[in-house]
Amino acid sequence: MGRSRGGFGTKLHIAVDGLGNPVEFILTGGQEADINQGPALIEGHDAKAVIADKGYDGDDFVATIEARGAEAGIPPKKNRIFKRE
C-alpha cells in the first residue's frame, strides 16, 4: 500500500489482449505514476498496437512501443508542448 494525496491506496496496472483478456498485471502503491509501469506491462508481449490512457503519454514510452514495431494509441496530455498525431 502506498500513500497518495487521498490517503493510502493501491493501483492495478493491467495489459489485455485484443479480446480484453488480462495478459499482464502489476500492483503498485497509489502514489506510483502509471508511466513507470508501461515498459514492464508490454515486455514479452508481441503487440501490433498499444492503446493506453493519458497517464502513459511519454516520449520514451512511445519510442519503446514504436521500436518494437507497434503503433502507440495514446492520447496526448493537455500540457504536452509538441502534440503527436
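Visitor: What makes the link between the side chains of arginine 80 and aspartate 57 a polar contact?
Guide: The distance between the side chains of arginine 80 and aspartate 57 is 2.9 Å, and a polar contact is a pair of N or O atoms within 3.5 Å, of which, within protein, one must be able to donate a hydrogen and the other to accept it, while residues adjacent in sequence count only if both atoms are side-chain atoms. A polar contact of 2.9 Å also joins the side chains of arginine 80 and aspartate 59. This is a predicted model, in which local features need pLDDT of at least 70 and side-chain atom pairs count only at pLDDT 80 or more, while totals for chains, interfaces and linings use all residues. Residues are numbered from 1 along each chain as its sequence is written, and side-chain values use heavy atoms, with hydrogens and water left out.

Visitor: Why does arginine 80 count as buried?
Guide: Arginine 80, which lies in the segment after strand S5 (71-73), has a relative accessibility of 15%, and buried means under 20% relative accessible area, with exposed over 50% and partly exposed in between (1.4 Å probe, protein chains only). Arginine 80 therefore counts as buried. Leaving aside neighbours within four places in sequence, arginine 80 is in contact (heavy atoms within 4.5 Å) with Asp57, Gly58 and Asp59.

Visitor: Why does valine 23 count as partly exposed?
Guide: Valine 23 stands at 39% relative accessibility, so this residue falls in the partly exposed class. Valine 23 is found in strand S3 (residues 22-29), where strands are DSSP runs of E with at least two residues and helices are runs of H or I with at least four, numbered from the N terminus. Not counting residues up to four places away in sequence, valine 23 touches Ala15, Val16, Asp17 and His45. Valine 23 and histidine 45 are 22 residues apart in sequence, and their C-alpha atoms are 8.5 Å apart in space.

Visitor: How do you know that the buried residues of H2 line one face of the helix?
Guide: In helix H2 (residues 59-67), Phe61, Val62 and Ile65 are buried. Seen down the axis of H2, these buried residues fall within an arc of 100°, so they line one face of the helix; the arc is that of the directions from the helix axis to the C-beta atoms. The face of H2 turned away from the buried side carries the exposed residues Asp59, Asp60 and Ala67, whereas the cover over the buried residues includes H1, S4 and S5.

Visitor: Which classes make up the lining of the largest pocket?
Guide: The lining divides into 14 nonpolar, 4 polar and 2 charged residues, and S2 supplies the largest share, 5 residues. The largest pocket has a volume of about 440 Å³, and Ala15, Val16, Ile42, Val50 and Ile51 are the closest to its centre among the 20 lining residues. Strand S2 (7-16), helix H1 (38-42) and strand S4 (49-51) each supply at least two residues of that lining.

Visitor: How many helices and strands does the chain have?
Guide: The chain has 2 helices and 5 strands, which follow the pattern β-β-β-α-β-α-β along the sequence. Buried residues make up 31% of the 85 residues in the chain.

Terms used
On a 1 Å grid over the protein atoms alone, a cavity is a set of points where a 1.4 Å probe fits but cannot get out, and a pocket is an open set with protein on both sides within 12 Å along at least five of seven lines; lining residues have an atom within 4 Å of a point. Grid points are joined across faces, edges and corners, and a volume is the space filled by probe spheres set on the points. Ala, Val, Leu, Ile, Met, Phe, Trp, Tyr, Cys and Pro count as nonpolar, Asp, Glu, Lys and Arg as charged, and the others, Gly among them, as polar.
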